[in-house]
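The following exercises are to be worked through with the sequence and the model side by side. Each task is followed by a solution in steps.

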Amino acid sequence: MGFSQRIAFFCSMLFVGLMLGPALAHLFSLPNKLPLDREDYFVTQAIYSGWQFIGVAVVGALASLLWLAVALRRQGPALLWILAALGCIVAAQAIFWAFTYPANVATANWTQIPDDWERLRDEWEYSHAVGAVLTLGALLSLAAVALRLIPRRS
């Protein structure tokens, strides 16, 4: 693997890893947040103020995975793992924009309580959980790339 390919791989691991931290925080908090009553749930949601900057990691992950896919396009099985990682991130984003973002809009980022807040809460929480699993899948796919590209010693 050449220098440019190593940089692309490093950036992919970095950005997917940066995405995974907050994603797992959402996943692991889910069982503790779902039983909260309306007032406590909305107070708790305030902790996510400013988390939109994680979007930088999302853009970085998408860009670096595309770069890595182009850089390793002739690597056969490694390319399939890279494409799997890219697919996981794209799927996580599709779920975010289809379910999480509309819940944020409907609640003005969880500062206004609509009548259907419980449905929105469930969509928000479960879409984040699925996104976390997909982001973990992306990181594991990149780990598989590393295992394929590490020279074997005899």
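**Exercise 1: Threonine 100**

Leaving out residues up to four places away in sequence, threonine 100 touches Ile95, Trp124, Ser127 and His128, where contact means heavy atoms within 4.5 Å. The model is a predicted one, in which local features need pLDDT of at least 70 and side-chain atom pairs count only at pLDDT 80 or more, while totals for chains, interfaces and linings use all residues. Residues are numbered from 1 along each chain as its sequence is written, and side-chain values use heavy atoms, with hydrogens and water left out.

Task: Determine in which helix threonine 100 lies, and whether threonine 100 is buried or exposed.

Solution. 
- Step 1. Threonine 100 belongs to helix H4; helices (H or I, at least four residues) and strands (E, at least two) are DSSP runs, numbered from the N terminus.
- Step 2. Buried means under 20% relative accessible area, exposed over 50%, and partly exposed in between (1.4 Å probe, protein chains only).
- Step 3. Threonine 100 has 1% relative accessibility and therefore counts as buried.

**Exercise 2: The chain as a whole**

Task: State how many helices and strands the protein chain has, and what share of its residues is buried.

Solution. 
- Step 1. The protein chain has five helices and zero strands, in the order α-α-α-α-α from the N terminus on.
- Step 2. Of the 154 residues, 40% are buried.
- Step 3. The C-alpha atoms fill a box of roughly 60 × 25 × 20 Å along the principal axes.
- Step 4. Among contacts between residues at least 6 apart in sequence, 79% join residues at least 24 apart.

**Exercise 3: The nonpolar cores**

Solution. 
- Step 1. A nonpolar core is a set of buried Ala, Val, Leu, Ile, Met, Phe, Trp, Tyr and Cys residues joined through side-chain atoms within 4.5 Å.
- Step 2. The largest such core has 24 residues, and Val16, Leu65, Leu68 and Leu142 have the most contacts inside it.
- Step 3. At least two residues of this core come from each of helix H1 (3-33), helix H3 (55-71), helix H4 (77-106) and helix H5 (117-149).
- Step 4. A second, separate core of eight residues includes Trp110, Trp117, Leu120 and Trp124.
- Step 5. Leucine 68 is in contact with Gln5, Ala8, Phe9, Ser12, Ile82 and Leu142, leaving aside its neighbours within four places in sequence.

**Exercise 4: Helix H2 and glutamine 45**

Task: Explain why the buried residues of H2 are on the same side of this helix.

Solution. 
- Step 1. The buried residues in H2 are Tyr41, Phe42 and Gln45.
- Step 2. They lie on the same side of H2 because they cover an arc of only 95 degrees around the axis, the arc being that of the directions from the helix axis to the C-beta atoms.
- Step 3. These buried residues pack against H1 and H5.
- Step 4. Glutamine 45, in helix H2 (residues 38-45), has 4% relative accessibility and so counts as buried.
- Step 5. Apart from neighbours within four places in sequence, glutamine 45 is in contact with Lys33, Trp110, Trp124 and Glu125.
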